[in-house]
Amino acid sequence: MALTRREFIKVTGLGLAASSLGMLGFGAAGVAQAAAVRPFKLTHATETRNTCTYCSVACGILIYSMGDRAKNARSNIIHIEGDPDHPVNRGTLCPKGTALLDVVHAPTRLKAPRYRPPGGTEFKEVSWDFALDRIAKLMKEDRDKHFIARNAAGTTVNRWTSTGMLAASASSNETAYLTWKVARSLGMVVFDNQARV
Amino acid sequence: MTNTWQDIKNANLVIVMGGNAAEAHPCGFKWVIEAKIENGAKLVVVDPRFTRTASVADYYAPIRPGTDIAFLSGVIRYLLEQDAIQHQYVRAYTNASLVVKEGFAFENGLFSGYNEETHSYDRSSWDYELDEQGFAKSDDSWQHPRCVINLLRQHVSRYTPETVSRICGTPQDKFLHICGLIAATAAPDKAMTSLFALGWTQHSVGSQNIRTMAMIQLLLGNIGVAGGGMNALRGHSNIQGLTDVGLLSNLMPGYLNLPLDKETSLDEYMKTKQYKPLRPGQTSYWQNYRKFVVSLQKAIYGDAATQDNNWAYDWLPKLDVPMYDIIRAFEMMNNGQLTGYICQGFNPLQAFPDRGKIRRGLSKLKFLVTMDPLDTETSRFWQDFGPQNPARSAEIQTEVFQLPTTCFAEENGSLVNSARWLQWHWKAAEAPGEAMSDIWIMSGIFHRLRELYRKEGGAFPDPILNLTWKYTDPVEPDPEELAREMNGRALADLTDPATGAVLTKAGTLLDGFAQLRDDGTTASGCWIFSGSFTEKGNQMARRDATDPREQGIAPNWAWAWPANRRILYNRASADQDGKAWNPAKPIIEWNGSRWEGIDVPDYGPTVKPSDGVGPFIMNAEGMGRLFARDLMADGPFPEHYEPLESPVENVLHPKVRSNPVARVFASDRAAFGTPQHYPYVATTYRLTEHFHFWTKHALINAILQPEEFVEIGEVLAKEKGIEQGGWVKVSSKRGEVVCKAYVTKRIKPLLVDGKPTHVIGVPLHWGFTGQARKGYGANTLTPSVGDANTQTPEFKAFLVNVEKTGAPAA
Amino acid sequence: MTRPNNAITRYTAANRVNHWITALCFVLLTLSGLAMFHPMLFFLSGLFGGGQWMRAAHPWIGIVLMASYLGLIIQFWRENLVNRDDVAWMKSIRYVAVNDEEHVPPVGRNNAGQKMVFWSMTLLVPALFFSGLLIWEVYFGAATSIPVQRVAVLVHSLAAIAAILVWVVHVYAAIWIRHSVRAMTQGYVTPGWAWRHHRKWLWELASEQHDKAPPRKHP
Amino acid sequence: MSDLQSQDYVRRSASTLTPPSVRSHEDEVAKLIDVSRCIGCKACQSACMEWNDLRPEVGHFEGSYENPADLGPSVWTLMKFAEHENEQGNLEWLIRKDGCMHCEDPGCLKACPAPGAIVQYANGIVDFISDKCIGCGYCVKGCPFNIPRISKQDHKSYKCTLCSDRVSVGLEPACVKACPTGAIMFGSKTDMKHQAAERIEDLKSRGFDQAGLYDPPEVGGTHVMYVLHHADKPSLYSGLPDKPRISPVVGAWKGFIKPLAVAGIALAAVGAFFHWITAGPNEVTEEDEAEGERVLREADAHEPEKSP
């Protein structure tokens, strides 16, 4: 097939509708392809290289999104498949990796901060400022109250044991590093990740 | 992993034990298939269940959960008996010849130095006998009764095939067949690779499980060579990175330890770190420890870290206990010792042992913050979801913040894979709604706190106020900037101490950790990542897949720590003269003046073979350790201990049944069941269709495995009248799960100490949020027990009962 | 409706309505069935608004046909019971074929040919109906196994072909025997028609006039 | 018509047209499924759903790893699992990816009554063209492998397209690309047979004496082939037909009966016509009328009171 319909139109500069093209007997290939085979959906999608978020085989993936990143277009991910160049997965993906699209677009993806007051039975949406201000306040209250500057023996220990944190195991090294800096600067020691589970 | 994923294809024998590579890491497992097809390799699987890995294996043997050490010790005994070890390698590269101190002993299941009150060992006797210069004594003739190889021989002598079979339930003929296959790889040009994962780690003897196989690999000369190694198939996409960057209670970036209470000053701290060589002329690379620590402090506190304030040593929190790991955290929570808890991309209600305890703990918090792209169970622990989460909202006083974050497709950054590769990824789209990156959220919390401390003062604000935050966009620092900070840069012109010539100009990004200094002239946030983002650009974003000799190295694809080295201990791939053990697959070889090959040498590049420097340069003796010295909490040699919940006595030493130093809190011990009430051995695992508790949110995966079930052998099912696909109630002392039964031929009763023992398989993927059907979660059943060294929960062997039941009301 | 004075009622209004419902269904089913049977005839699907509509309509029309034909069975089964005259009629079929009815023994209300049409349809319509149900994908696609459906589809098409052949004979006979069509459209025949084709029936009618409704009553 | 030329159709259902045959040199494609490398991970299923935008309902656990429970209008491929104990008493878990075999002689296409609803391209792919499908379900009956399924929503038949949209732009099908262990391969049929031969040799060396290729000649070979360790007993693999063939019932129906019946009907009509021409209509004569009237009159005479 020398030309797709789209290219044919581009090349000849004719703004003909598909049906008239067919009637004129032109560009049969493209017309027939559209008529029979499902149109290839990635023709002009934007391709972004990424790494699968699940296990640490760390398969290379190609994320295809709609929109060419023009100002007025909001990119929407339409398909994800394996990166054939990647030396480990060589384009393959497991059943989780092939379904990454469904986790990106999961109906249970969170879209706004939510808050549940003590004894509450429902979440309610709140602003980021409300959430972060309140969290910072609660943290400071607890830190100021329970921070251990010296242990019983009088040694400087500067630790905070009464608020803990679990760090994400799928976040980037850069996120991890920033998180480490913040947590340790606060003196936090109840600090762990998913390495064991 | 010591080796790369692709390197697996160079193996002659692949043993999958303590893992289920085909299901948990299908795309990595392709290299096993490749080894079979291209290299004629055999695949051996040892697992309680006939898994999907077993379905493509050349040989499969069943084993009772929690008895791997007995099996592997039996293999060591077989290798030593048959003299099927790679002698040259063992003599030159392991501590087989070194002489152990007098006073070291092993009797009735306990090593010397046990303290019954503290449930711990005084490990001072677990070391080498030193000579006058402080070097370990050696007996190359292996005549000395206390040289390591002889102690080992003696230690494993009890693990005869009969005993192994009695403990593990593995038929003797199958055990011996596998021993034979393993022994064949003792040939210098043959390699076995060991692929394992949580099937080994999630035991009260997890670390020792792995150690036992590592010892086998050392005896066979399979460490450091192509197609060999100990390959831990890590779980999450960046769990390696999180560990590398030190997001564990006792770590700092680059495997530096967080100080302990007793280490009152930097010098005191350094005393136990900068290991002196234990053999003449050894590298003992940790001697550079101080450089890494000082550079880290400079990265974090910048100008505020000075020689005068000991590089802000006091600003680091000190530990009073070895670890504030998750089991301890939830124990503290249950005891009312925790006020707040932040779960960043983490779902402990599903992931941690003894779900009831987790729920009770969270209910006692004042506040809980979750940061996740998905609606996790943890963030809704307070909500009533019926029997799967019977919470009484009104009684729970915890304030809960559910913060929406971006996911992988919506951010830039690097991840470290199992083979230690740092790979950069790019953002493809904006996050939905108001979701924000973790970097933005952590910055937001930090800035607010800093502002509060600035305004109001409060407990020890110094480290908070002085934390470096010189980012172009302080609200949401660019990942590239953070990556550069971790890589490190020169803070002043770095000069050659001998000539005074400027080697590196101030402000330049470092090429590697060899440039780090302990005088405050360099900063590096994570020394092992040094070299990942240099003046040449982002090395993690490299995409040259060229693979010399197609040996599975691909040295220019992304970047691997340390120093872009792809195969750890690769010096051991060559003999004492620097020639490859396997001439067909050399990694590095001595060319007369330097080490050359397809990988970066894990060794001084110009250190002559004749210098006798051992290949294991991080170890003080430069050797691989068949005897672990005092570095393991539960013994320098591995020993079989029963799981904390076990159906049988320990046939080796009935008085010491399970690991004497395993992590068990008193309240958790009270929640252990006995075989009388809970007669069956259960083990938890993942299915290939799901990834933990995430993919149940993805519709396709929910379709592929929609509903919770347990796997039960046909014999037990018949005994209990359980039908295929029928409903069962599985209970442990801690809780019960009502789900469907998969009656299968793939689990057969094992003959353990003369008694048939049934194993029940409990996949762990279902919860009460997402697209799949609601489930109770395997952790409803599991005990809160930690491995003696890492505190990893014992998910892989515990006791349950199972009964037929009716369908629950819809 | 105009009709001659000497008209004899052959089919009542109920008879005719029932027949033509059946006939209409049969034609529609034949058209749609043949369209699905042979690609040469697929163009007929156009009559039904395309293949999908045709496929959807065919079984429903089939149900109407079955119900309708049941009505015909109820109304006509008695007069189609076979008797000795039918044998005689069949023996002289060659005279029938050449319109030489003087050499054909007299027959009653229906001759053997008509009875054969009736009874073959009585056999074929239910066969078509039940085999049709088995291959009615929308509702019964999963009710039986595929091998059973394969047999059903074979039975359905063989029965349909047989039915169409019978129908061809039926229709041609109606055209050939002049004024038969009128019997089924307007309901009456002339005494001459009855005399020529169904003499015994005419005699019966004549003799029955003692106790029954006169044959010339308005149908 | 343009369909026929451009797409290099070699077969077209219910077609009265002869597909153009001069372009006879196109390489046939094939998918090779090596069950001995398959780990049953369902990446193929997942990739198929993702690429083709299919999402069947979330089902239930049904007593095995097979999910969804069956192929369906939105389940075009399905892993089937069989726990088999061999003669040595060892367990073998025989896992097979089920789906359209893309027969060289496709039973579905033979059975299909809708012109152009099922086509076979010169590269061997058998494809369903939805807008022409009438939903009759004949393809279901025609298929020797029990593959096509009719949708309850739109009453059209669906099955694996071998990702004809990907293949037409030079890519491999989605399942092939995803397969982590390379158990699914794609290429020219010649290459795939060659690859299969190598695999069979390896399997034989590992003790599977009966290893072989499943490319059943009864349907003219298939464009989806299996390497089986037990090629002597394909039915061990969750009922893969030992000798698949288009059912003789369907063969009869779509074979000789079709022309015979049409000819028969036409003949009957023509026969009738000639009868009309030769014997002519059977008219009632004046004499008949007179005789008829006479009979009635005589009857009337017996009952004069009833006469009008």
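Two residues are in contact if their C-beta atoms, placed from the backbone, lie within 7 Å. This is a predicted model, in which local features need pLDDT of at least 70 and side-chain atom pairs count only at pLDDT 80 or more, while totals for chains, interfaces and linings use all residues. Residues are numbered from 1 along each chain as its sequence is written, and chains are lettered from A and ligands numbered from 1 in the order in which they are written.

**Stop 1: chains B and D**

Select chains B and D. Their contact takes 34 residues from chain B and 32 residues from chain D. On the side of chain B that touches chain D, the elements giving two or more residues are helix H1 (21-24), helix H2 (26-39), helix H20 (699-704) and strand E29 (735-744). Helices (H or I, at least four residues) and strands (E, at least two) are DSSP runs, numbered from the N terminus. H2(B) gives the most, with 6 residues. This side of chain B divides into 17 nonpolar, 7 polar and 10 charged residues. Here Ala, Val, Leu, Ile, Met, Phe, Trp, Tyr, Cys and Pro count as nonpolar, Asp, Glu, Lys and Arg as charged, and the others, Gly among them, as polar.

**Stop 2: chains A and B**

Next, display chain A with chain B: 137 residues of chain B are in contact with 105 residues of chain A. On the chain B side, the largest share, 9 residues, comes from H16(B). By class, that side has 76 nonpolar, 42 polar and 19 charged residues.

Which helix of chain A crosses H16(B) at roughly 55°? Select helix H5 (residues 128-146) of chain A and helix H16 (residues 438-456) of chain B, whose axes come within 9 Å and cross at that angle. Axes are lines fitted to C-alpha atoms, for helices over the stretch in contact, and angles run from 0 to 180 degrees between N-to-C directions. H5(A) is therefore oblique to H16(B). Angles under 35 degrees count as roughly parallel, over 145 as roughly antiparallel, 65 to 115 as roughly perpendicular and the rest as oblique. The contact is made by residues including Leu132(A), Ile135(A) and Met139(A) of H5(A) and Ile445(B), Leu449(B) and Leu452(B) of H16(B). Its composition is 7 nonpolar, 1 polar and 3 charged residues.

Now select helix H6 (residues 173-185) of chain A, which packs with H16(B) at an angle of about 15°, the axes being 9 Å apart. H6(A) is thus roughly parallel to H16(B). Glu174(A), Thr175(A), Leu178(A), Thr179(A) and Val182(A) meet Asp438(B), Ile439(B), Met442(B) and Phe446(B).

Continue to strand E4 (residues 114-116) of chain A and strand E14 (residues 399-404) of chain B, which run antiparallel and are joined by 3 bridges. Arg116(A) has Val400(B) as its bridge partner in E14(B).

**Stop 3: Met632(B)**

Centre on Met632(B), in the loop between strand E25 (595-597) and helix H19 (666-669) of chain B. Is Met632(B) buried or exposed? Met632(B) counts as buried because it has 21 C-beta neighbours inside 10 Å; the class requires 20 or more other C-beta atoms within 10 Å, whereas 12 or fewer means exposed and values in between partly exposed. Beyond its neighbours within four places in sequence, Met632(B) is in contact with Ser207(B), Gln208(B), Arg211(B) and Asn789(B).

**Stop 4: chain C**

Of the 219 residues in chain C, 39% are buried.

Key. Pairing = 2+ DSSP bridges.
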